[in-house]
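Subject: Structure for your files, with notes

Hello,

Here is the structure I said I would pass on. My notes follow below it.

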Amino acid sequence: MNGSDGLRRRVAIVGIGSTTFGEHWDKGLRDLALEASLKAVEEAGIKGKEIESFYVGNMSGGMFLGQEHVAALVADFLGLKPAPAVRVEAACASGGVALRQGYISVASGLYDLVAVGGVEKMTDVQGSLAATALAGAMDTEWEAYFGATFPGIYAMMAHRYMHNYGLSREALAEVAVKNHFHGSFNPQAHFKNRITVDDVIGSPLVADPLRVYDCCPMSDGAACLLLAPLEEARKYTDTPIIVEACSQASDSLSLFDRGDICTLEATREAAGQAFSQAKISPREVDVLEVHDCFTIAELLALEDLGFCRKGEAASLYKEGQTYFGGRLPVNTDGGLKAGGHAVGATGIKQAIELVKQLRGDAGGRQVKGAEIGLAHNVGGSGATAVVTILRRGG
Amino acid sequence: MAMLGVASHWRRYRELYTLKGSRCAKCGQAFFPVRRICPNCRREGRIEPLPFSGRGSIYTYTVIRTPPEGFEDYIPYVVALVQLEEGPLVTSQVVDCAPSDVFIGMPVETCFRKIRAQNREGIIIYGFKFRPRDSQVKQQ
């Protein structure tokens with residue numbers, strides 16, 4: 001069962017909009033959401049009232065701002081009421097799961113025009129409180145309780161991976177170097193500076209073996225997509241991007257309950273479903289957005305998505321293969337590492353980068369002739385994974 | 001992590017103080033923390049209590065340098081996944097040795113320790129941590 005048999009209609013992305021990811025001291029949650037969604041609405045040439053339903057990924061308005069009930073709040077300030085507004089929470093995969101909810105609601109025939117967004121305002125609280133909020137993505141009773149942090153959980157994966165597969169510290173650093181290089185071509189990236197392997201290895205330790213430059217930043221940001229049935233997509237755009245699949249799977253919140261801590265089973269499961277539904281193989285993917293909250297996560301993703309065998313992802317970083325001019329361009333917008341990680345918005349931001357690439361609108365970081373893109377969004381240390389496959393419309 | 005009331009700690013004290021888990025008598029898999037439904041056998045499983053020996057070895061670990069709220073006084077400290085003799089992995093701290101002495105495969109055993117205090121007025125939380133298994137021998 002791949003979950004798609006009951007879906008009747010093909011779905012297309014017909015409008016995109018996003019803010020810069022970074023520290024937006026002058027903008028609140030509703031300002032960010034408005035900026036992103038207005039861009040999407042403008043691009044699709046609609047007024048906004050045509051939007052029938054709204055799904056928004058937001059991990060922790062409550063912890064970051066003391067604000068719950070975010071969906072209706074944002075819908076109100078976007079001028080979308082009385083359309084139903086739903087907040088979707090799946091930690092760092094909130095955006096990806098929101099996209100999937102919107103996709104299902106259009107594919108099923110329930111709605112003909114849906115907005116899916118993501119927004120997170122993270123920099124109004126101190127870093128330690130924000131870290132506490134993020135720690136809620138893992139098992140608070142049996143992981144965070146003992147002083148484990150979110151970087152600490154990924155650090156334990158990295159350590160075991162190095163032990164199992166002989167990954168070197170330098171090879172791990174190559175992920176961050178590549179993503180910062182890509183970020184330097186993205187005007188909306190949180191970090192646009194290029195770094196070296198020595199910069200990564202010389203940066204302060206956060207949780208051994210992970211250092212500051214192995215970790216993505218906490219960003220403010222918002223992103224928004226408009227979804228419509230493919231047969232109506234030309235009403236809104238000359239370049240519809242088809243959602244060929246949007247699959248999701250779950251695993252234990254706790255790292256200790258996994259069979260193999262160097263494999264994200266939820267990613268494998270979601271990827272298997274997505275490739276099956278899209279009727280393509282990994283070889284046919286032209287551009288990838290994967291969830292690189294930490295450098296090790298990008299390597300695990302490439303393996304678990306099926307782009308190489310377990311333990312071999314670092315070999316893809318030789319000769320620039322994962323750079324935008326290479327054989328398998330990964331995170332052309334800088335990923336979470338340099339592009340930024342506004343938690344609830346990240347899954348949407350990833351899809352937007354693919355849309356730009358597939359339309360041929362990615363500017364200096366364009367992957368030539370890209371037709372098929374894959375986005376991979378993870379919640380926590382792998383309890384939720386969403387894999388989305390997009391194709392350029394004919 | 002969030003400051004929670006006394007009951008949230010009290011209701012877990014058997015697991016936190018003495019590492020009591022559970023096991024499915026049908027398939028034999030051991031669980032920590034306690035599971036009341038066997039994910040393998042579902043309704044056909046038979047869950048029974050299982051007190052763990054407390055012995056195991058380090059499966060992987062990290063040294064926390066940037067602490068979460070409430071752990072500022074303890075850095076740097078070691079957080080590990082310990083593989084218990086009975087099979088499950090558990091997350092806790094490794095104490096009674098320098099972070100640089102810890103290695104994957106290191107034999108460890110549980111010890112009862114303070115986990116953290118919730119500021120000056122709040123309750124003090126206790127639970128299991130792990131220490132090198134030969135530490136008793138060394139001290140003698």
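This is a predicted model: local features need pLDDT of at least 70, side-chain atom pairs count only at pLDDT 80 or more; totals for chains, interfaces and linings use all residues.

Three salt bridges are found across the interface of chain B and chain A. One of them joins B:Arg12 to A:Glu141, with the closest N and O atoms 3.9 Å apart.

On the chain B side, at least two residues each are supplied by helix 2 (13–18), strand 4 (55–64), strand 5 (77–84), strand 6 (89–94), strand 7 (107–117) and strand 8 (124–132) of chain B. Strand 4 of chain B gives the largest share of that side, six residues. Sorted by class, the side of chain B that touches chain A holds 21 nonpolar, seven polar and six charged residues.

The size of an interface is often given as the accessible area lost when the parts come together. Here the area buried between chain B and chain A is about 3,000 Å², and carbon and sulfur atoms give 63% of it. The contact involves 34 residues from chain B and 27 residues from chain A.

Chain B itself has three helices and eight strands. Along the sequence the pattern is α-α-β-β-β-β-β-β-β-β-α. Its C-alpha atoms fill a box of roughly 45 × 35 × 30 Å along the principal axes. Of the 140 residues of chain B, 44% count as buried. Among contacts in chain B with a separation of 6 or more, 48% are between residues 24 or more positions apart.

Next, the aromatic residues. The search of the whole structure gives 21 aromatic pairs over all chains. A:Phe181 and A:Phe185 are an edge-to-face pair, because their ring centres are 5.1 Å apart and their planes stand at 65°. A:Phe181 is partly exposed at 24% relative accessible area, and A:Phe185 is partly exposed at 27%. A:Phe275 and A:Phe307 also form an edge-to-face pair, 6.4 Å centre to centre with 65° between the planes. This pair links distant parts of the chain: A:Phe275 is in helix 9 of chain A and A:Phe307 in the loop between helix 10 and helix 11 (335–339) of chain A, 32 residues apart. Both A:Phe275 and A:Phe307 are buried. Ring pairs also link residues of both chains into a cluster made up of A:Trp142, A:Tyr145, A:Phe146, B:Phe32, B:Phe52, B:Phe128 and B:Phe130.

Helix 10 of chain A (residues 295–304) is largely enclosed by the rest of the structure, because 10 of its 10 residues are buried. The side chain of A:Glu303 meets that of A:Lys310 in a salt bridge of 2.9 Å, N to O. A:Lys310 is partly exposed, at 25% relative accessible area.

Over all chains the count is 27 salt bridges. Another is between A:Glu353 and A:Arg365, whose closest N and O atoms are 2.7 Å apart. A:Glu353 lies in helix 12 (residues 346–359) and A:Arg365 in the loop between helix 12 and strand 10 of chain A, so the pair ties together parts 12 residues apart in sequence. Both A:Glu353 and A:Arg365 are buried.

A:Arg392 and A:Glu371 form a salt bridge with the closest N and O atoms 3.5 Å apart. A:Arg392 is in strand 11 (residues 384–392) and A:Glu371 in the loop between helix 12 and strand 10 of chain A, so this pair ties together parts 21 residues apart in sequence. A:Arg392 is partly exposed at 35%, and A:Glu371 is partly exposed at 39%. Salt bridges with shared partners join A:Arg10, A:Glu244 and A:Arg391 into one network.

Last, A:His24, in the loop between strand 1 (11–18) and helix 1 (29–43) of chain A. A:His24 is buried, at 9% relative accessibility. A polar atom of its side chain is 2.6 Å from the backbone oxygen of A:Thr20. Beyond its neighbours within four places in sequence, A:His24 is in contact with A:Thr19, A:Leu32, A:Lys121 and A:Asp220.

Regards

Definitions and conventions
Residues are numbered from 1 along each chain as its sequence is written. Chains are lettered from A and ligands numbered from 1 in the order in which they are written. Side-chain values use heavy atoms; hydrogens and water are left out. Buried means under 20% relative accessible area, exposed over 50%, partly exposed in between (1.4 Å probe, protein chains only). Helices (H or I, at least four residues) and strands (E, at least two) are DSSP runs, numbered from the N terminus. Contact means heavy atoms within 4.5 Å. Buried area is the accessible area (1.4 Å probe) that two parts lose on being put together, summed over both. A salt bridge is a side-chain nitrogen of Lys or Arg within 4 Å of a carboxyl oxygen of Asp or Glu. Ala, Val, Leu, Ile, Met, Phe, Trp, Tyr, Cys and Pro count as nonpolar, Asp, Glu, Lys and Arg as charged, and the others, Gly among them, as polar. Rings of Phe, Tyr and Trp (its six-membered ring) pair if their centres lie within 6.5 Å; planes under 30 degrees apart count as stacked, over 60 as edge-to-face and the rest as tilted. A polar contact is a pair of N or O atoms within 3.5 Å; within protein, one must be able to donate a hydrogen and the other to accept it, and residues adjacent in sequence count only if both atoms are side-chain atoms.
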